[in-house]
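Subject: Structure handover

Hello,

Here is the structure I promised to pass on. Please open it first, then read the notes below.

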Amino acid sequence: MNFKMISRIYAMILFIEALFMIPAVGIGLGYGEHTAVISFLVSMAAILAVAGIFALISQNADKTFRAKEGLVCVGTSWILMSLLGCLPFFLSGEIPSYMDALFEIVSGFTTTGASILSDVEALSRCMLYWRSFSHWVGGMGVLVFLLALVPVSGKNQGFTMHLLRAESPGPDVGKLVPKMRQTAMVLYMTYVALTFFDFLFLIFGEMPLFDAVCTAFGTAGTGGFGIKNDSIASYSPYVQNVCTVFMLLFGINFSCFYLLILRQFRAVFKDEELRLYLGVVAVSIILITLNIADLYGSVWESLRYSSFQVASIITTTGFATVNFDLWPSFSKGILMVLMLIGACAGSTGGGIKCARILLLLKGVRRNISQIMHPQKVQVIRVNGKPVDERILSNTNSYLAIYVTIIVVSFLVLGLDNFSMTTNFSATMACFNNIGPGFDAVGPSCNFAAFSPFSKLILIVDMLAGRLEIFPILILLSPKTWKRS
């Protein structure tokens with residue numbers, strides 16, 4: 001294990017995390033929130049001190065970097081960022097419990113949006129900003145940001161590929177351009193541009209500047225931390241519709257946007273994952289609209305609510321405009337299925353991902369065909385290209401581990417003696433990085449009532465879900481830490 005090279009990355013990431021806190025300090029000064037500002041300054045000093053220690057450790061580091069180092073680096077970096085990133089909440093006293101502060105920031109960085117706060121509006125403005133900005137940082141990933149801006153390794157070391165593969169969502173990571181660092185730059189430029197356009201449309205809807213910034217961060221990262229107790233419900237229908245559109249856009253594989261820039265419209269139109277994603281969205285909106293039509297004043301109002309909530313759940317954003325926990329069981333069942341499916345691979349959304357669902361469906365069809373025609377050799381294709389059997393094997397392994405973690409987490413949460421609906425939806429909401437669940441963790445409730453141990457389990461679930469399970473499992477494997 002190349003600990004010195006990993007330490008160098010730690011130092012860079014923590015330095016970036018400290019820099020990211022500077023705008024929050026400025027906001028705090030502008031609003032006269034002196035206690036909160038001091039907590040940020042102390043946190044920044046602590047983070048920079050730890051970064052300095054790692055920088056000293058990393059002197060004369062060997063730049064050799066293998067897949068194992070990439071997975072370990074990503075998993076531990078996110079944990080380290082969270083352990084230190086929650087300090088402003090805790091030191092300011094706005095979240096008195098360190099475990100609750102850690103839960104909140106992990107929920108932010110992993111773009112989950114699950115909260116322990118019963119009164120969000122009681123937080124200072126700079127804390128609300130940091131809370132929402134954590135979504136934007138975690139949406140694309142701080143390591144992708146690092147790869148896009150900082151040349152941290154020599155040529156042909158495999159550094160960028162290993163880190164990008166470990167942090168990016170989906171069954172496989174490919175290059176948009178010949179070099180992986182350029183790919184990271186393309187991804188982040190697209191991310192920044194879409195965030196900016198989202199912000200502009202919100203401003204055009206006469207949304208207050210601070211609200212627009214925080215909402216754009218939450219939408220872009222598909223995180224869902226709102227700055228109001230009712231999430232997005234008190235904003236105008238225009239703002240809600242803008243959020244609906246941009247949530248769906250951020251749930252699309254970013255490679256599709258790159259193809260649009262290259263004017264390869266046919267390739268985008270024929271993308272099987274995109275068609276599955278949009279098809280599931282359309283069918284879900286229609287079914288829920290018909291099911292809840294009697295609850296609201298008109299079909300158009302039902303359509304607006306159903307469209308927003310479908311977009312929010314399938315992209316794992318977690319914003320809410322209504323208390324969907326009061327909807328009929330059929331509509332809630334659809335939302336539960338959408339929690340499982342999730343957004344596209346290569347997006348900022350969570351869940352199993354439409355790409356994996358597509359591969360699993362094609363794999364089932366091939367298995368049925370092979371039972372009837374044992375001698376026939378069949379290759380699974382996506383977008384006309386054959387899929388490597390290694391990717392199919394990894395997808396099956398992912399699903400097996402996914403189900404195992406869901407079952408174990410659900411059983412452990414049962415120790416708190418909440419309802420089965422609460423425990424299962426809480427597990428699903430955290431592991432799929434969605435945010436709100438049903439019953440006691442519905443859109444009008446929070447996760448504060450869980451015990452510290454259950455919160456720790458949910459924290460692990462959030463990290464495992466955001467990092468696609470394997471980087472966290474690698475950390476728990478004794479073989480990872482044995483000398484080669």
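Let me start with helix 6. This helix covers residues 98–109, twelve residues in total. At 1.5 Å a residue, helix 6 should span 16 Å, and its end C-alpha atoms are 16 Å apart, so the two values agree. Bear in mind that this is a predicted model.

Is helix 6 enclosed or open? Ten of its twelve residues are buried, so helix 6 is largely enclosed by the rest of the structure. The buried residues include Asp100, Phe103, Glu104 and Phe109.

Both ends of helix 6 are worth a look. Just after helix 6 comes Thr111, with a positive phi of about 60°.

Next, the cores. The largest nonpolar core has 133 residues. Trp130, Tyr277 and Phe447 have the most contacts inside it. Phe447 leads back to helix 6. Setting aside neighbours within four places in sequence, the contacts of Phe447 include Phe103, Ile116, Cys430 and Leu458. Phe103 is one of the buried residues of helix 6. There is also a second, separate core of seven residues. Among them are Leu359, Val382, Val387 and Leu392.

Now the rings. A search of the whole structure finds 32 aromatic pairs. One of them joins Tyr129 and Phe217. This pair is edge-to-face, with 5.9 Å centre to centre and 70° between the planes. Tyr129 lies in helix 7 (residues 125–140) and Phe217 in helix 11 (residues 209–220), so the pair ties together parts that are 88 residues apart in sequence. Tyr129 and Phe217 are both buried.

Phe254 and Phe257 form another pair. Their ring centres are 5.7 Å apart and their planes are at 80°, so this pair is edge-to-face. Phe254 and Phe257 are three residues apart in helix 13 (residues 254–261), separated by about one helical turn. An α-helix has 3.6 residues a turn, so residues three or four places apart point the same way. Both Phe254 and Phe257 are buried.

Last, two charges sit over rings. The charged end of Arg275 is over the ring of Phe269, 6.0 Å from the ring centre. The charged end of Arg356 is over the ring of Tyr398, 3.7 Å from the ring centre.

Best wishes

Note on methods: Residues numbered from 1 in each chain as written. Predicted model: local features only at pLDDT ≥ 70, side-chain atom pairs only at ≥ 80, totals over all residues. Heavy atoms only, no water. Phe/Tyr/Trp six-rings, centres within 6.5 Å; stacked < 30°, edge-to-face > 60°. Helix = DSSP H or I, 4+ residues; strand = E, 2+ residues; numbered from the N terminus. Buried < 20%, exposed > 50% of the residue type's maximum accessible area, 1.4 Å probe, protein only. Lys NZ or Arg CZ within 6 Å of the ring centre and 35° of its normal. Expected span 1.5 Å × (residues − 1). Core = buried A, V, L, I, M, F, W, Y, C linked by side-chain atoms within 4.5 Å. Contact = heavy atoms within 4.5 Å.
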